[in-house]
Amino acid sequence: MKRLWLSMLVVLAGCQQRAREGSVERAQFGIFFGGQVQEREQIPFEPSRARQVQGFRLEFRAPLERDLAIEWEINRPRTSRKRAGNAAASAERLVQLDQAQARAGQTRFEQVLAFKPGDPLGVWNLRVVADGQLVMDRRFLVYDEEERVRAARDAGAAPGAR
């Protein structure tokens with residue numbers, strides 16, 4: 001009898017482990033381009049969705065048998081302007097929470113994360129939870145493309161050439 005109970009516990013533990021694996025086979029973050037996700041650790045700040053669309057994609061192991069709760073958290077600097085001598089102000093973060101549902105039958109879920117004018121530059125973090133399981137925890141840098149081009153041009157200029 002003890003062996004039967006022990007066997008049942010082992011089987012149940014295995015089933016619970018498989019359930020914890022979750023439905024998500026692959027999670028990607030980056031810029032959507034031509035049906036693909038160009039995974040990036042650095043993303044240029046571009047508020048126009050006509051020029052750039054970024055977000056995350058979840059690919060499921062199989063078509064979903066039931067609706068699946070998807071939640072995400074975006075943690076970003078409160079402001080890109082840091083006050084000199086005020087470490088607390090420069091360390092402030094703004095957290096945005098959102099949620100959606102992947103519908104039964106879907107094999108993929110995509111969520112666009114649009115920039116808005118005034119969003120801060122700096123290190124952002126994205127955490128995605130699908131059906132109660134963390135599937136993505138990703139830091140990325142949001143930067144000003146024009147500023148980078150200007151800085152590269154200035155760095156390449158001969159001394160005194162300005």
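Let me start with Asn 125, which touches Glu 73, Ile 74, Asn 75, Arg 93, Asp 137, Arg 138, Arg 139 and Phe 140, leaving aside residues up to four places away in sequence, where contact means heavy atoms within 4.5 Å. This is a predicted model, in which local features need pLDDT of at least 70 and side-chain atom pairs count only at pLDDT 80 or more, while totals for chains, interfaces and linings use all residues. Residues are numbered from 1 along each chain as its sequence is written, and side-chain values use heavy atoms, with hydrogens and water left out.

Is Asn 125 buried or exposed? Asn 125 counts as buried because its relative accessibility is 13%, the class being under 20% relative accessible area, with exposed over 50% and partly exposed in between, for a 1.4 Å probe and protein chains only. A polar atom of the Asn 125 side chain lies 3.5 Å from the backbone nitrogen of Arg 139; a polar contact is a pair of N or O atoms within 3.5 Å, and within protein one must be able to donate a hydrogen and the other to accept it, while residues adjacent in sequence count only if both atoms are side-chain atoms.

Asn 125 sits in strand β8, strands being DSSP runs of E with at least two residues and helices runs of H or I with at least four, numbered from the N terminus. The open sheet has five strands in the order β3-β9-β8-β5-β6, with mixed pairing, two strands being paired if DSSP finds at least two bridges between them. Its edge strands are β3 (42-44) and β6 (93-102), each of which pairs on one side only. Between β3 and β9 (residues 133-143), which run parallel, there are three bridges, and Ile 43 stands opposite Val 142 in β9.

Finally, Phe 32, in strand β1, is buried, with a relative accessible area of 16%. Its C-alpha atom is separated by 7.7 Å from that of Gln 52, 20 residues apart along the chain.
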